[in-house]
Amino acid sequence: MKQQLFEQRHRKNWELVEQSLEKPDSAKKSILFVEHYMLLCQHLALSKQRMYDTALIERLNKLVLRLYRELYRYRSGSRLNFYGFLVRDFPLAIYRHRHFIGLALLVFLVPALLAGTWVYFDENAVYSVLNSTDVRAVEQMYDPAARKLGRESEADTDVFMFGLYIQNNISVAFRCFAGGLLAGIGTLFVLIFNGLIMGSIAGHLTRLDFVDTFYPFVVGHGSFELTAIVFSGAAGLKLGYSILNPGQFSRLDALRLAGRNAIPMLYGIVFMLVIAAFIEAFWSSNTSLAINVKYSVGAICWLLVLFYSFSGKRFESQ
Amino acid sequence: MLDTNYLVEIPGGIELEAQVVGPIPRFLAFSIDFAIRFIVLVIGAIVSIPLGKLGFAFWFIAWLLIEWFYPVLFEVFKRGQTPGKIVLGISVVHDDLTPVTFGTSLIRNLLRTVDFLPFLYLFGLVTMISNSRFQRLGDLAAGTLVISVRESAKPAAIDNITPLACATSLLKNEQSAIVDFLHRSQHLSPPRQEELARILDGITHDKNKTRVDQLQRIGAWYLGVR
């Protein structure tokens, strides 16, 4: 069949599809698309086989590509199963990252403990890690003499702190994960760096005997926050490990697989950090509560996080 | 061969072709998006700062959302296109040409942090020009690429050409090359048309100045004009 005849015969169809693709989403009829998609695939295959000219093949190709993208596009709602994610997907992802979580925990905890011990026994050591302005700011914030945890506890201050915490923590967690792409080095850096800073602050404040203001403040949200940072470190380390030791896969496929496995971890990390920022802004900062109440709630939070983190194993075999 | 064609076999039983997009249009699209984000944040600051600490809180949350989720939300809900990409006519897709999902878009945009290193997207640029699909590091990990979705110009009508049967019999691919010439010649300058047509003097057997015409008429014949 000559090209012109072929075009004459099917032009109406193609123009119909082109027009309906221009319409806004609500007016589109997807059933029409499926039928036309098969038909147009056939037309494209025919014109290629019959070596019709490039312009026609290009036009049909563009049309099939647009239909294809329309048919396989993201359907809102279809993948949103929050309950399933919370009960199954996230714990399973945690379970599958368990070795890397152990590693990330070590990389975070060892520098923190070392720095903490050093700062606790040597009063000048804190200035090797933090600059003097930061040290003074931290001291003021937790000074029991100030009696207000560094700031007046008003409702709008709490919301402000919530915004600040969530912005800062999620950025740190995301950077910690992304650093894994540099063969894990970026992740290690973020974990060690944060470990050193937090360790020194804790050590310094303990040395100054600000124990009753500092620890009740951090114990509650620390459960979600520190765990989430360790999780993001684990996801980053797994990314880096997949490049260094891809096993049976090509390096590229291993990286892609690690990336895909990290997706539920990332959702979960964001979720945990939102909870942490809520606790930190609206609960931890509340100075009117007794220390024992804070420690008890903190303990419950930690137990909850730990229990949840270990709940994924039973889904592995399914 | 060094070109931007990207072929993938789709469930429709055919090979679909797309054009991958290189660093320059992607940089331009990013610049537009960057400008939009910057302006939105500045306006946000002007509006929210007079509201005091509550305003700051909203601004911080807006900053977080815009910094990390602006590209993700647009890519997922606007068929792979942020506003900058819409302007440039490019779109993010999976490497099987299906639109990106939330997860893959999140991965490729979080890993942007590494592409940015050590400064001004140097890692991203080096990775992009060292593979044939122009993927930056984030694209490699997410399995995505950026393709052109711009509409191509439709070939002009060829009604006023009287077809001419070719004296020599030609192979199918030679025939379609002549049809291509017919369509393309409208975008070429007359001297270039002449130059190309001269190569086929052995077919047109035309020693006069009408060899371009001749070739176009043969093309019309092969197209099926009678």
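Which residues touch the most other members of the largest nonpolar core? The notes below work up to that and then walk through both chains.

1. **Ground rules.** This is a predicted model, in which local features need pLDDT of at least 70, side-chain atom pairs count only at pLDDT 80 or more, and totals for chains, interfaces and linings use all residues. Residues are numbered from 1 along each chain as its sequence is written, while chains are lettered from A and ligands numbered from 1 in the order in which they are written.

2. **The main core.** The answer to the opening question is Ala104(A) and Leu273(A), in a core of 99 residues. A nonpolar core here is a set of buried Ala, Val, Leu, Ile, Met, Phe, Trp, Tyr and Cys residues joined through C-beta atoms within 7 Å. Buried means that 20 or more other C-beta atoms lie within 10 Å of a residue's own; exposed means 12 or fewer, partly exposed is in between, and the C-beta atoms are placed from the backbone. Helix 11 of chain A (residues 251-284) gives the most to this core, 13 residues. (Helices, H or I of at least four residues, and strands, E of at least two, are DSSP runs numbered from the N terminus.)

3. **Around Leu273(A), and a second core.** Setting aside neighbours within four places in sequence, Leu273(A) is in contact with Ile166(A), Asn169(A), Ile170(A), Ala173(A), Glu225(A) and Ala228(A). Contact means that the C-beta atoms of two residues, placed from the backbone, lie within 7 Å. There is also a second, separate core of 12 residues, and among them are Leu182(B), Ala197(B), Ile218(B) and Leu223(B).

4. **Chain A overall.** Chain A has 12 helices and zero strands.

5. **Domains of chain A.** Chain A is assigned domain 1 (3-71) and domain 2 (82-315), with bounds that come from an automatic or database domain assignment. Taken over C-alpha atoms, the centres of domain 1 and domain 2 of chain A are separated by 53 Å.

6. **Chain B overall.** Chain B has 11 helices and four strands. Its radius of gyration is 25 Å, well over the 17 Å that the rule gives for 226 residues, so chain B is more spread out than a compact globule. Buried residues make up 34% of chain B. The assignment for chain B is domain 1 (5-148) and domain 2 (172-223), and their C-alpha centres lie 44 Å apart.

7. **Strands of chain B.** Strand 1 (residues 5-9) and strand 2 of chain B pair in the antiparallel sense over five bridges; pairing requires that DSSP finds at least two bridges between two strands. These strands form a hairpin with five residues between them, and Gly13(B) in the turn has a positive phi of about 85°. Strand 3 (residues 90-94) of chain B runs antiparallel to strand 4 (residues 144-148), joined by five bridges. Four of the five residues of strand 3 of chain B are buried, and Ile90(B) stands opposite Ser148(B) in strand 4.

8. **A covered helix.** Why is helix 4 of chain B described as largely enclosed by the rest of the structure? Because seven of its nine residues are buried. Leu106(B), Ile107(B) and Arg108(B) are among them.

9. **Backbone details.** Most residues other than glycine have a negative phi, and most peptide bonds are trans. Met51(A), not a glycine, has a positive phi of about 55°, and Met51(A) is partly exposed, with 18 other C-beta atoms within 10 Å. Arg79(B) has a positive phi of about 50°, but Arg79(B) is buried. A cis peptide bond joins Leu117(B) and Pro118(B), with omega about -15°.

10. **Where the chains meet.** In all, 47 residues of chain B are in contact with 49 residues of chain A. Helix 2 of chain B supplies the largest share of the side that touches chain A, 11 residues. By class, that side has 29 nonpolar, 13 polar and five charged residues. (Nonpolar covers Ala, Val, Leu, Ile, Met, Phe, Trp, Tyr, Cys and Pro; charged covers Asp, Glu, Lys and Arg; the others, Gly among them, are polar.)

Note on methods
Rg over C-alpha atoms; globule rule 2.2 N^0.38 Å.
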